[in-house]
Amino acid sequence: MGNNTVTRVLSIVGAGVVGSMLTLGVVTNTDLLTSKPETETASAAVTPYGVESLSANSAESLADMVEQSSKAIVGVVNYQTAGNRFAGSSTEQAAGTGSGVIYKIDGNHAYIVTNNHVIENAQKIEVTLSSGTKAKAELLGTDALTDIAVLKIDKKYASADVTFGDSSKVRAGDSVIAIGNPLGLDFSGTVTKGIVSSASRTLDVNTSAGTWQTEVIQTDAAINSGNSGGALFNTQGEVIGINSLKVAQSGVEGIGFAIPSNEVKTLVEQLAELGEIQRPYLGIGLADLASIPYIYVKDLPKEIKGGVMVTAVEPGSAAEKAGLQEQDVLTEINGDTIENSLDLRKYLYSKLEVGSKASVTIYRGGKKQELNITLTGSQMK
């Protein structure tokens with residue numbers, strides 16, 4: 001399965017509902033499929049048009065799956081304080097709505113996975129179950145880079161949970177179903193159907209923790225604001241992804257993205273247990289070399305075209321202990337070239353662990369040096 005890289009930087013689908021007019025059109029459908037004798041309705045047939053006709057039993061089976069799976073889909077409302085709290089006039093208001101998926105019912109609680117951007121900066125989080133019942137949710141953990149968060153509610157509110165499928169087995173052309181709450185809770189439990197357009201895309205995504213490259217499943221199932229955090233199911237009713245992104249620009253339709261379930265499973269375990277994703281941490285502020293004024297890099301050798309400049313060093317951090325200083329230019333880590341800050345993050349998070357030792361190549365005052373660093377762990381804020 002080859003990786004297709006999309007270099008455009010995409011913005012996360014906002015969890016809030018856009019307050020514009022929604023135009024609903026009625027479309028008359030024409031049945032192009034050849035009718036079949038009753039004895040053939042138990043199997044699929046291919047018409048001369050090359051269109052696959054699903055049997056009545058298949059349609060009922062899909063509807064049954066959707067009916068059961070929808071019980072595990074919740075609406076998520078992000079409440080934030082508005083007004084002047086010092087003047088005593090502050091109020092809690094819904095800052096945005098999104099979706100979530102009950103992935104585990106255990107002990108006295110039910111656990112929900114959603115997107116970080118759905119609940120980011122919330123003072124209070126409320127979920128609405130498929131029955132319409134509302135419940136206060138506790139935030140257990142969140143991670144801005146991967147855009148995943150885990151919530152907890154009382155078990156009594158949950159009637160069903162989902163099963164994660166194996167996203168490594170997803171192929172382009174597989175049928176998928178998205179369930180969520182596009183445009184808010186008025187359209188809760190909306191079901192859309194499509195196919196996997198690409199089983200593996202690499203996207204540059206802007207997050208509150210900086211730009212990050214993420215691997216996603218591309219689908220043409222309709223995904224809109226409010227679908228964020230909802231589930232992308234295969235036809236067996238297994239969750240293969242958490243809907244998170246879409247290309248939102250004029251003239252573009254049917255390009256949505258989901259975080260693969262295999263990644264989600266690992267993330268929710270850490271977030272529920274630790275409240276954060278443990279990653280190697282240097283403790284430095286960075287700026288891409290390409291964005292630094294020439295006066296600060298004029299002493300670099302001419303062959304150095306890429307790298308990152310240290311703009312700040314956190315006291316007591318791994319970087320400070322290793323001797324890194326402001327205005328150092330970092331160009332390599334363990335012999336691998338670093339072109340920009342995204343390269344450095346990718347190397348740290350994919351090839352190193354908390355406690356790992358690493359050798360970094362830096363230029364200080366135009367002179368090359370090697371420093372050894374022992375990485376500590378910290379959550380990316």
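**View 1. The largest pocket of the predicted model.** The largest pocket holds about 510 Å³ of space; a pocket is an open set of points on a 1 Å grid over the protein atoms alone, where a 1.4 Å probe fits, with protein on both sides within 12 Å along at least five of seven lines. Its volume is the space filled by probe spheres set on the points. There are 20 lining residues, and closest to the centre are Thr146, Trp212, Glu263, Tyr349 and Ser350; a lining residue has an atom within 4 Å of a point. This is a predicted model, in which local features need pLDDT of at least 70 and side-chain atom pairs pLDDT 80 or more, while totals for chains, interfaces and linings use all residues. Residues are numbered from 1 along each chain as its sequence is written, and side-chain values use heavy atoms, without hydrogens and water.

**View 2. Threonine 128 in strand β7.** Strand β7 covers residues 124-128; strands are DSSP runs of E, at least two residues long, numbered from the N terminus. Threonine 128 is buried, at 11% relative accessibility (buried is under 20% relative accessible area, exposed over 50%, partly exposed in between, with a 1.4 Å probe and protein chains only). The C-alpha atoms of threonine 128 and tyrosine 157 lie 9.4 Å apart, although 29 residues separate the two in sequence.

**View 3. Two residues with positive phi, asparagine 121 and aspartate 147.** Most residues other than glycine have a negative phi. Asparagine 121 has a phi of about 65° and is exposed, with 59% relative accessible area. Aspartate 147 has a phi of about 60° but is buried, at 4% relative accessibility.

Definitions and conventions: Helices (H or I, at least four residues) and strands (E, at least two) are DSSP runs, numbered from the N terminus.
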